[in-house]
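Welcome, and please open your viewer. We will take this tour one selection at a time.

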Amino acid sequence: MYARMRSAARQIGVTGLAAAAFAGAAAVGVEASSPVSMERRAELRHLLIQDCGSCHGLSLGGGLGPPLQAGAIANLPAEFVAATIYYGRPGTAMPPWQPFLTEAESLWLANELKGLNP
Ligand code: HEC
């Protein structure tokens, strides 16, 4: 499932799909669209270690879920990563974080994982 989705993503260019879902946030950028406060950033970093780490490994090097380190997801567009976080992957253990995160926060997390945040 996971491998299939990834290769499908490459073929059809999931950027378009995910970007549509994240049009608002992606178009103007995280900073401008909905500022993620410094306090909230600290909470989100904590979430990455505590919650995401429980499945993706303590240093996000992989566990039940695949590695999320910058190198491992370098080929995935930030909007696609953000959509995965926000909506989860139905039929897999990857849960949707929609109840806990805004789209802008999901995109911030995606950029954080990719090492793109200032
Ligand atoms: C209950 C376990 C679990 C938790 C908690 C979890 N994930 Fe996942 N995650 C998975 C699994 C399993 C997959 C692989 C899904 C698949 O087969 O496509 C995945 C996939 C992903 C992917 C796609 C990676 C890729 O290479 O395509 C991203 C990004 C991701 N998770 C981010 C996160 C973030 C960020 C968090 C915390 C907010 C998180 N996950 C929490 C289990 C989890």
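## Stop one: the core

Select Val81, Ala82, Ile85, Leu107, Ala110 and Leu113: within the largest nonpolar core, which has 19 residues, these touch the most other members. Now colour helix H6 (78-87) and helix H7 (103-113), the elements that each give two or more residues to this core. H6 supplies the largest share, with 7 residues.

Next, centre the view on Ala110. Which residues is Ala110 in contact with, once neighbours within four places in sequence are left aside? They are Ala78, Val81, Ala82 and Ile85.

## Stop two: a residue in a loop

Move to Leu60, which you will find in the loop between helix H5 (38-56) and H6. Is Leu60 buried or exposed? Leu60 counts as buried because 21 C-beta neighbours lie inside 10 Å, and the cut-off for buried is 20 or more. Look at the backbone here too: phi of Leu60 is near 60°, a positive value in a residue other than glycine.

## Stop three: the whole chain

Zoom out, and remember that you are looking at a predicted model. Switch to a cartoon view and you can trace 7 helices and 0 strands in the protein chain. Along the sequence, the pattern reads α-α-α-α-α-α-α.

Among contacts in the chain with a separation of 6 or more, 60% are between residues 24 or more positions apart.

Technical notes
Residues numbered from 1 in each chain as written. Predicted model: local features only at pLDDT ≥ 70, side-chain atom pairs only at ≥ 80, totals over all residues. Helix = DSSP H or I, 4+ residues; strand = E, 2+ residues; numbered from the N terminus. Contact = placed C-beta atoms within 7 Å. Core = buried A, V, L, I, M, F, W, Y, C linked by C-beta atoms within 7 Å. Buried ≥ 20, exposed ≤ 12 C-beta atoms within 10 Å, placed from the backbone.
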